[in-house]
Amino acid sequence: MEQAEAIRDPMPDWQSIRVFLALQRSGSFRSAATKLGLSVNSVRRRIDDLEALIGAPLLTRHVDGIRLTAEGHAILEAAGRMEAAAFSLVRTGEGAPFAETGEVRIAVTEGLGAFWLAPRLVEFQRANPRLTVDLRCAMESADVLRLEADVAIQLTRPTSPDLRIVKIGRIHMVPYAARSYEETYGLPARPEDLERHRIVVQDGGQTVALEDYVRSVPGFPAKVPITLRVNVSSAYYWAIAKGAGIGLLPTYASAIGAQVVPVDNLGRFSIDIWLTYHPDAERITRVRRTIDWLRASFDPKRYPWFRDEFIHPRDLPGAVKGEALPDLFAGFIAMAP
């Protein structure tokens, strides 16, 4: 009986292409291995096999990472098309009738996720009891094209022409301070007074840069005493609420029971909120429901602090229409004995 002869597949497998793309995007073998959940040696073997199949080196190693060769750049575009096709297959399967229940992944900035969406998710869960919500609150925006999330809400406008991009509102930010801070240090009456106060700033990811705010306020001093830098919105809010200093917060902080007061005469800053998803995602029932709920969650008619025009925090309670808003910070405040 004649022994079957092994057939050598001349086509690269998808996993090798996936590793190549991750390596190119990460810039180093170690970073790619961490992102893929593989060992560094496994990543190297995949790249070695791919280079052997292509018949040319795809990258060179340097002390600061990797760089693509001319051959590497040549196949990068084709590899991207393979990735898009693979994701399209996944979306096609998810659009089938049997997949109307399951998991939906929402990527959102850490502040909006922690203080706006997470407390309101209960209404969405009650309306969709068979769905599992994976809420990813992060300072960096997720890549919807590579399926890091089904839908994303971010403060930087996406640039990819392959995404559906919808402006769903604006965040208006003003300086806030705690009552305890006011009792201890008083409040500045004008920008120049900030030189004698304590300032809290948030750095990193999708945040309002202090420099952008400063440029928008006439008379802002050249140097202010920054006493605390924080990298996430939740810690930033609590630092201000506990009296660490003055910092920028969204105006809706006043409307939903935050334990802070706005500081007048120090200007304000506004930034747009963007909802983004792949057009194919609208064909998936659970994602479509999620998109509709997210848009309703930022409805400027119901929630006036998300309107394009600025409304002072003291005027927000009278601008809210419909049912009264719950105190979304109640769970963080000690109960009365």
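Glu123 is partly exposed, with a relative accessible area of 35%. On this scale, buried means under 20% relative accessible area, exposed means over 50%, and partly exposed lies in between (1.4 Å probe, protein chains only). The partner of Glu123 in a salt bridge is Arg120, with the closest N and O atoms 3.3 Å apart. The term salt bridge stands for a side-chain nitrogen of Lys or Arg within 4 Å of a carboxyl oxygen of Asp or Glu. Arg120 is buried, at a relative accessible area of 7%. Glu123 and Arg120 are 3 residues apart in helix α5, so about one helical turn separates them.

Before going on, a word about the model. This is a predicted model, in which local features need pLDDT of at least 70 and side-chain atom pairs count only at pLDDT 80 or more, while totals for chains, interfaces and linings use all residues. Residues are numbered from 1 along each chain as its sequence is written, and side-chain values use heavy atoms, with hydrogens and water left out.

**Salt bridges**

A search of the whole structure finds 12 salt bridges. Here are three of them, with their N to O distances.

| Pair | N to O distance |
|---|---|
| Glu123 and Arg120 | 3.3 Å |
| Arg179 and Glu182 | 3.3 Å |
| Asp264 and Arg314 | 3.8 Å |

Arg179 and Glu182 both sit in helix α6 (residues 179-185), 3 residues apart, about one turn of the helix. Arg179 is exposed, with a relative accessible area of 52%, and Glu182 is partly exposed at 30%.

What does the salt bridge between Asp264 and Arg314 look like? Their side chains meet at 3.8 Å, N to O. This pair links distant parts of the chain, 50 residues apart: Asp264 is in the loop between β10 (261-262) and β11 (269-277), and Arg314 is in the loop between α10 and α11 (316-319). Asp264 is partly exposed, with a relative accessible area of 35%, while Arg314 is exposed, with 59%.

Helices (H or I, at least four residues) and strands (E, at least two) are DSSP runs, numbered from the N terminus. In helix α2 (residues 29-36), the buried residues are Phe29, Ala32, Ala33 and Leu36. Seen down the axis of α2, these buried residues fall within an arc of 100°, so they line one face of the helix. The arc is that of the directions from the helix axis to the C-beta atoms. On the face turned away from the buried side of α2 are the exposed residues Arg30 and Thr34.

What covers the buried residues of α2? The cover includes α1 (14-26), α3 (40-54), β1 (59-62) and β2 (65-68). Just after α2 comes Gly37, with a positive phi of about 75°.

Helix α10 (residues 285-297) has 13 residues, which at 1.5 Å a residue should span 18 Å; its end C-alpha atoms are 18 Å apart, which agrees. The expected span is 1.5 Å times one less than the number of residues. Buried in α10 are Arg286, Val287, Thr290, Ile291, Trp293, Leu294 and Ser297. They cover an arc of only 165° around the axis, which puts them on the same side of α10.

**Two loop residues**

Is Val217 buried or exposed? Val217 counts as buried, at 7% relative accessibility. Val217 is in the loop between α7 (210-215) and β8 (226-230). Not counting residues up to four places away in sequence, Val217 touches Pro191, Leu266 and Gly267, where contact means heavy atoms within 4.5 Å. The C-alpha atoms of Val217 and Arg268 are separated by 7.6 Å, although the two residues are 51 residues apart along the chain.

Arg130 lies in the loop between α5 (110-127) and β4 (131-138) and counts as exposed at 65% relative accessibility.

**The protein as a whole**

The protein has 11 helices and 11 strands. Of its 337 residues, 43% are buried. Among contacts with a separation of 6 or more, 76% are between residues 24 or more positions apart. The protein exposes about 18,100 Å², and carbon and sulfur atoms supply 52% of that area. Accessible areas come from the Shrake-Rupley method with a 1.4 Å probe; for residues, only the protein chains shown count as cover.
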